[in-house]
Amino acid sequence: MVVEAPEPRKMSAIMFTDMEAPAGQRWRDESLQQDLHEEHGRLVRDLLPRHGGREVKQLEEGGFLLEFEAGLPAVSFALEWRAAVDARNRMAPSDRRMSVRAGAHLGLVVHRDGDVFGEGVNLAARIESLARPGTVYVSETVAAQVAGCLQAPPVRLGRNELKNIRLPVAVFRIDTPVEPRAEGALMSRVRSLLGRRRVPLGG
């Protein structure tokens, strides 16, 4: 009998982002949904290389599965991404504002055909599902890596029982804002990036 060698595993920070319909409504306008998915994609793909991240794939609902070498670059990306979405929303009418959230975990994953698998991926997905709109939630392994590196420490939310995860998981919320001196540059970057869209942002 031939025994297959186990697939090699690597420590990675896995992040899921998600997007909901504006103002918590259900998607009714397919054109609007496509527009916002495309805008979200441009924001993510513009910011991702600045933090050494890799796009694993875009998900059907408009979110992304992303991979980073460690917890700090993952959180750094998430903070700039969240600020970019906020900046974009300030230039958009209320019925075109994005509602996004993210969840991240640092753990062992398996790479196969460009995709990632394993409990580390499952845990990141479960943490993202807990996050409220506009927030970034992370596991304890990510929170430990970024402790002391942010303007505000991660906020512990307690332990949660997650589907298909063996043990309760400690979850943290990242609240650090973008520094005021970076706000103007970020707004200009978002305007430039989204200025090519078919419908004006407004404002």
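# Reading a predicted fold, step by step

Colleague: Where do I start with the nonpolar core: how many residues does the largest one have, and which have the most contacts inside it?

Modeller: The largest nonpolar core has 34 residues, and those with the most contacts inside it are Met15, Phe77, Trp81 and Val138. Two or more residues each come from β1 (9-20), α1 (30-47), β3 (64-68), α2 (71-90), β4 (99-112), β6 (136-139), α4 (140-146) and β8 (169-173). The largest share, eight residues, is given by α2. As a general idea, nonpolar side chains in soluble globular proteins tend to be buried together. Please keep in mind that this is a predicted model.

Colleague: Which residues does Phe77 contact, leaving aside its neighbours within four places in sequence?

Modeller: Phe77 is in contact with Met15, Val44, Leu47, Leu48, His51, Leu66 and Phe68, once neighbours within four places in sequence are left aside. Another core, of nine residues, lies apart from the largest one, and Val56, Leu59, Leu65 and Val109 are among its members.

Colleague: How do I read a helix, and how many residues of α2 are buried?

Modeller: With its 20 residues, α2 reaches 29 Å from first C-alpha to last, close to the 28 Å expected at 1.5 Å a residue. This helix is mostly covered, with 15 of its 20 residues buried. Helix α1 has 18 residues and reaches 26 Å between its first and last C-alpha, close to the expected 26 Å. Buried residues in α1 include Leu32, Leu36, Leu43, Val44 and Leu47, and also the charged Asp35 and Glu39.

Colleague: Next, charged pairs. How many salt bridges does the structure hold?

Modeller: The structure holds 12 salt bridges. Let's take one: the side chains of Lys10 and Glu69 meet at 3.2 Å, N to O. Lys10 lies in strand β1 and Glu69 in the loop between β3 and α2, so this pair ties together parts that are 59 residues apart in sequence. Lys10 is partly exposed, with a relative accessible area of 33%, while Glu69 counts as exposed at 56%.

Colleague: What about Arg88 and Glu39: are they buried or exposed?

Modeller: Arg88 is buried, with a relative accessible area of 0%, and Glu39 is buried too, at 1%. Their side chains meet in a salt bridge of 2.7 Å, N to O. This pair links distant parts of the chain, with Arg88 in helix α2 and Glu39 in helix α1, 49 residues apart.

Colleague: With which residue does Glu140 form a salt bridge?

Modeller: Glu140 pairs with Arg156, and their closest N and O atoms are 3.9 Å apart. Glu140 sits in helix α4 and Arg156 in strand β7 (residues 155-160), so the pair ties together parts that are 16 residues apart in sequence. Glu140 is partly exposed at 37% relative accessibility, and Arg156 is partly exposed at 44%. Salt bridges can also form a network, and here one links Asp18, Glu20, Arg101 and Glu128.

Colleague: Which side chain of opposite charge is nearest to Arg82?

Modeller: That is Asp175, 5.0 Å away. Arg82 is buried yet has no salt bridge, because the cut-off for a salt bridge is 4 Å. Arg82 is found in helix α2. Not counting residues up to four places away in sequence, Arg82 touches Gly134, Thr135, Val136, Ile174, Asp175 and Thr176.

Colleague: Where does Asp113 lie, and what is its phi?

Modeller: Asp113 lies in the loop between β4 and β5 (115-117). Its phi is positive, about 55°, although Asp113 is not a glycine. This residue is exposed, with a relative accessible area of 79%.

Note on methods:
Residues numbered from 1 in each chain as written. Predicted model: local features only at pLDDT ≥ 70, side-chain atom pairs only at ≥ 80, totals over all residues. Heavy atoms only, no water. Core = buried A, V, L, I, M, F, W, Y, C linked by side-chain atoms within 4.5 Å. Buried < 20%, exposed > 50% of the residue type's maximum accessible area, 1.4 Å probe, protein only. Helix = DSSP H or I, 4+ residues; strand = E, 2+ residues; numbered from the N terminus. Contact = heavy atoms within 4.5 Å. Expected span 1.5 Å × (residues − 1).
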